[in-house]
Amino acid sequence: MDMSGEERIAAKREVVWAALNNPEILKACIPGCQNLDMSSPTEMSATVKIKIGPVSATFSGEVTLSDLNPPAGYKISGEGKGGIAGFAKGGAEVTLTEDGDGTILAYTVDAQIGGKLAQLGSRLIDSSAKKLAAQFFADFNKAVSGS
């Protein structure tokens, strides 16, 4: 699965960068996130419960940040396991560009899934991923801009 997009965040780039590295803000914005712990400035572990079509699963995984270029962006890579529902692994490149009094957050995601989730079909997976991303960015924008 590949996905890319841009979101305008109503906050300065430094504020957006700080929020992208704040586990409390991320936990509040990631749909279904039950816990998010930062074990180092570049490593996090998370538990996320999601439902895609008829499959409901709790995923536990690790995320690593690399190629850090504050406050311009970084790369994220990770892997999560959801028991019999399957697994997800992949990465994303995130770039932040100043846009007046706001910030353009651009992202490119490359992910692979396996198990029961993979049997659901790419159309359902893609539409669910876009819906989850839209929910994350709506909540993230509210949390960061204070509106």
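This is a predicted model: local features need pLDDT of at least 70, side-chain atom pairs count only at pLDDT 80 or more; totals for chains, interfaces and linings use all residues.
Strand β2, spanning residues 33–40, runs antiparallel to strand β3, which covers residues 43–52, and the two are joined by six bridges. Within this pairing, L36 has A46 of β3 as its bridge partner, and the hairpin that β2 and β3 form leaves two residues between the strands. Strand β3 is also joined to strand β4, residues 55–69, in this case through ten bridges and again in an antiparallel arrangement; here T47 stands opposite S60 of β4. The hairpin of β3 and β4 likewise has two residues between its strands, and G53, located in that turn, adopts a positive phi of about 60°.

The largest nonpolar core comprises 37 residues, of which V16, L20, L105 and F140 touch the most other members. The element that gives the most to this core is helix α3, residues 122–145, with seven residues. For L20, when neighbours within four places in sequence are left aside, the contacts are L26, Y74, V94, L96, L105 and F140, and two of these, L105 and F140, are themselves among the core residues that touch the most other members.

Four aromatic pairs are present in the structure. In one of them, Y107 and F137 are stacked, with a centre-to-centre distance of 5.1 Å and an angle of 25° between the planes. This pair links distant parts of the chain, since Y107 belongs to strand β7 (residues 102–114) and F137 to helix α3, the two residues being 30 apart. Y107 and F137 are both buried. A further pair, that of F136 and F137, is edge-to-face, with 5.1 Å from centre to centre and 75° between the planes; F136, like F137, is buried. Together with F140, the residues Y107, F136 and F137 make up one aromatic cluster.

The loop between α1 (13–20) and α2 (23–29) contains N21. Although N21 lies in a loop, its relative accessible area is 18%, and because this value falls under 20%, N21 is classed as buried. A polar atom of the N21 side chain is placed 2.8 Å from the backbone oxygen of W17.

Note on methods. Residues are numbered from 1 along each chain as its sequence is written. Side-chain values use heavy atoms; hydrogens and water are left out. Helices (H or I, at least four residues) and strands (E, at least two) are DSSP runs, numbered from the N terminus. Buried means under 20% relative accessible area, exposed over 50%, partly exposed in between (1.4 Å probe, protein chains only). A polar contact is a pair of N or O atoms within 3.5 Å; within protein, one must be able to donate a hydrogen and the other to accept it, and residues adjacent in sequence count only if both atoms are side-chain atoms. Two strands pair if DSSP finds at least two bridges between them. A nonpolar core is a set of buried Ala, Val, Leu, Ile, Met, Phe, Trp, Tyr and Cys residues joined through side-chain atoms within 4.5 Å. Contact means heavy atoms within 4.5 Å. Rings of Phe, Tyr and Trp (its six-membered ring) pair if their centres lie within 6.5 Å; planes under 30 degrees apart count as stacked, over 60 as edge-to-face and the rest as tilted.
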